[in-house]
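Student: I have a model open and would like to go through parts of it with you. Shall we begin?
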Amino acid sequence: MYHHIPINKIKNFERQINFLLDDGWKFIKPQDLLSGGYKILNKKILLTFDDGFYSNKIIADKILKKYNIKAIFFVPSKFVEMNKVEMCNQYIKKNLELKKISFLNQRKISMNYKDLLDLVGSNHFVGAHTRYHSRIATIASNFRKRLEIGNSINCNKLYRKMFFFAFPFGGIDDFDTESIRNSLKKYKYTFLAVRGNNLKSNLTKKIIFRDNFNIDYDKKMCISVVNGFFDFLYLHSRIKILKKI
């Protein structure tokens, strides 16, 4: 899982992709999950990007195309509907809770529906990520929770059904039992931000655990993360989540 990738860090991203390839990892396509995720074995990775930053589209055009990698882009619909820099900056600070990131010198911050259509046309997938990038567990109204989960992206504009959903923030305290069950009724797979390998035990329940990748990770850190060196820290969270379903 990646988020915004600054333009001056694109080479870092490509290096990280090569770290994983050199270690024997192969990138699977989102379609592979839809055809039966529990059959995916060995060193396989699915690449995802959260939040809808325009930098993700640049990465797709410059790097993913070069390596024939297909990814899922989880976008909050309110963000991709914005076209003014100041509005985007306010949204980033308030809804994405990124207080230290500013894009005042950029003309385009978020992807729009044309960008998303381009991604879909290149066989990437767009996933739902709520409308306002809401921390679902803090919403009092069950009706609003269902709206955030079920009506977060305009499928008609993409001419494509939504198969994938990712909870904003995605930690164990960011969603409740009812919300994760609702997401699984609406979508084929629900993605979280809890580290861990995806085994038959969670894939059959349509839950995907993800490792967040920092763009400044060196080779040792990248390899350590994907080979599960930190998974034990999240064991209790994974067990607790699977019991909620």
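Student: In which strand is Thr48 found?
Tutor: Thr48 is found in strand E3, residues 47-50; strands are DSSP runs of at least two residues, numbered from the N terminus. Please note that this is a predicted model, in which local features need pLDDT of at least 70, side-chain atom pairs count only at pLDDT 80 or more, and totals for chains, interfaces and linings use all residues. Residues are numbered from 1 along each chain as its sequence is written, and side-chain values use heavy atoms, with hydrogens and water left out.

Student: Is Thr48 buried or exposed?
Tutor: Thr48 counts as buried because its relative accessibility is 1%; buried means under 20% relative accessible area and exposed over 50%, with a 1.4 Å probe and protein chains only.

Student: With which side chain does the side chain of Thr48 make a polar contact?
Tutor: The partner is the side chain of Arg210, at 2.9 Å. A polar contact is a pair of N or O atoms within 3.5 Å; within protein, one must be able to donate a hydrogen and the other to accept it, and residues adjacent in sequence count only if both atoms are side-chain atoms.

Student: Turning to Ile208, where is it found?
Tutor: Ile208 lies in strand E8, residues 207-208. Ile208 counts as buried because its relative accessibility is 6%.

Student: Which residues does Ile208 touch?
Tutor: Not counting residues up to four places away in sequence, Ile208 touches several residues, including Leu33, Tyr189 and Phe191; contact means heavy atoms within 4.5 Å.

Student: How far apart in space are Ile208 and Phe165?
Tutor: They are 10.0 Å apart, C-alpha to C-alpha, and 43 residues apart in sequence.

Definitions and conventions. Helices (H or I, at least four residues) and strands (E, at least two) are DSSP runs, numbered from the N terminus.
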